[in-house]
Amino acid sequence: MFDSPTTAQTEHYRQHGFVHVPGMLDTNELTAWRTAIDEAVAERRGKPLDGKPAGHREGAYPNVFLQMMLLSRSSDAVRELMYDARLGRFAATLADIEGIRIWHDQALIKEPLANPTSFHRDVPYWSFDSHEAISLWVALDDATLENGCLYIMPGSQSLTDFRVGAIGENVGAIVADYPALEGIEPVPVPARAGDAVYIDGMVVHGAGANMTLGYRRAMTCAYMPDGARFNGKRNVLSEDYFHSLTPGDLLDNDAELPLIYRRG
Ligand SMILES: O=C(O)CCC(=O)C(=O)O
Ligand SMILES: [Fe+2]
């Protein structure tokens with residue numbers, strides 16, 4: 001695993017709101033991630049992945065992906081992977097922030113024939129407003145134009161505000177809300193298994209449909225910059241913590257929002 005991004009990667013991230021890091025995991029690390037995440041997913045589901053295509057659930061969104069939230073809380077092995085300070089340092093360097101807390105981790109598994117992921121931003125769902133949030137997205141299978149690789153609108157990280165928009169069925173609905181996005185050509189980001197893509201929490205991104213009979217597994221970890229303040233939204237906060245907070249409060253609960261890296 002790389003400890004630090006190159007200067008070119010950092011510049012790409014800051015300008016375009018994302019960067020593709022080929023080979024973030026070596027072969028052994030990729031095997032360890034797949035094993036830990038597959039086991040955690042199987043435990044959560046009560047059964048392993050069985051090759052059944054998406055499309056049998058009511059409504060469009062449940063057929064976009066299996067969304068396995070906070071596996072780091074149910075699996076020791078996943079927790080060990082997610083709490084790696086090297087990942088914190090990598091993200092902190094790209095986003096130019098002092099400290100990194102985990103907001104949430106989630107496996108996003110596009111089943112065979114899964115729907116596309118509509119364009120959206122991540123931060124507006126979360127309990128803090130920030131232009132410094134960053135997410136790690138790791139391909140556990142090759143993510144291709146055929147099976148649902150990411151698509152990102154470069155430079156869009158500064159073109160929208162923090163209002164929540166639904167991730168509905170219509171892939172491009174967000175452009176109707178924010179005409180400034182019109183004319184930005186989405187960039188596909190095919191990735192080999194073991195590659196990472198870092199995504200600015202405010203950049204507009206989505207993913208293609210899975211038009212194949214294989215899985216497109218990805219593991220993600222969303223990071224909050226240390227020092228961010230509560231905005232009144234609950235999202236992943238526990239009920240007790242949520243009720244203890246007043247908008248404007250520092251989000252500094254180490255148990256729920258572990259600080260995995262601080263500079264210096
Ligand atoms: O993998 C996908 O389909 C979407 C990924 C995404 O939106 C995210 O990681 O924030
Ligand atoms: Fe997202």
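Me: What covers the buried residues of α2?

Reply: The cover includes β2 (66-69), α3 (71-74), α4 (76-82), β3 (99-110), β5 and β10. Covering rests on contacts, meaning C-beta atoms, placed from the backbone, within 7 Å. Helices (H or I, at least four residues) and strands (E, at least two) are DSSP runs, numbered from the N terminus. This is a predicted model: local features need pLDDT of at least 70 and side-chain atom pairs count only at pLDDT 80 or more, whereas totals for chains, interfaces and linings use all residues. Residues are numbered from 1 along each chain as its sequence is written, with chains lettered from A and ligands numbered from 1 in the order in which they are written.

Me: Which residues in α2 are buried?

Reply: Trp33, Ala36, Ile37, Ala40 and Val41 are. Buried requires 20 or more other C-beta atoms within 10 Å of the residue's own, exposed 12 or fewer, and partly exposed lies in between, with C-beta atoms placed from the backbone. Seen down the axis of α2, the buried residues fall within an arc of 125°, so they line one face of the helix; the arc is that of the directions from the helix axis to the C-beta atoms.

Me: And which exposed residues does the face turned away carry?

Reply: That face of α2 carries Thr27, Asn28, Thr31, Thr35 and Ala42.

Me: Changing topic, what surrounds ligand 1?

Reply: Phe65, Leu108, Thr117, Asp122, Ser135, Trp137, His205, Ala207, Ala218 and Thr220, each with its C-beta atom, placed from the backbone, within 6 Å. β5 (134-139), β9 (205-207) and β10 (216-225) each give two or more residues to this shell.

How values were computed: Contact = placed C-beta atoms within 7 Å.
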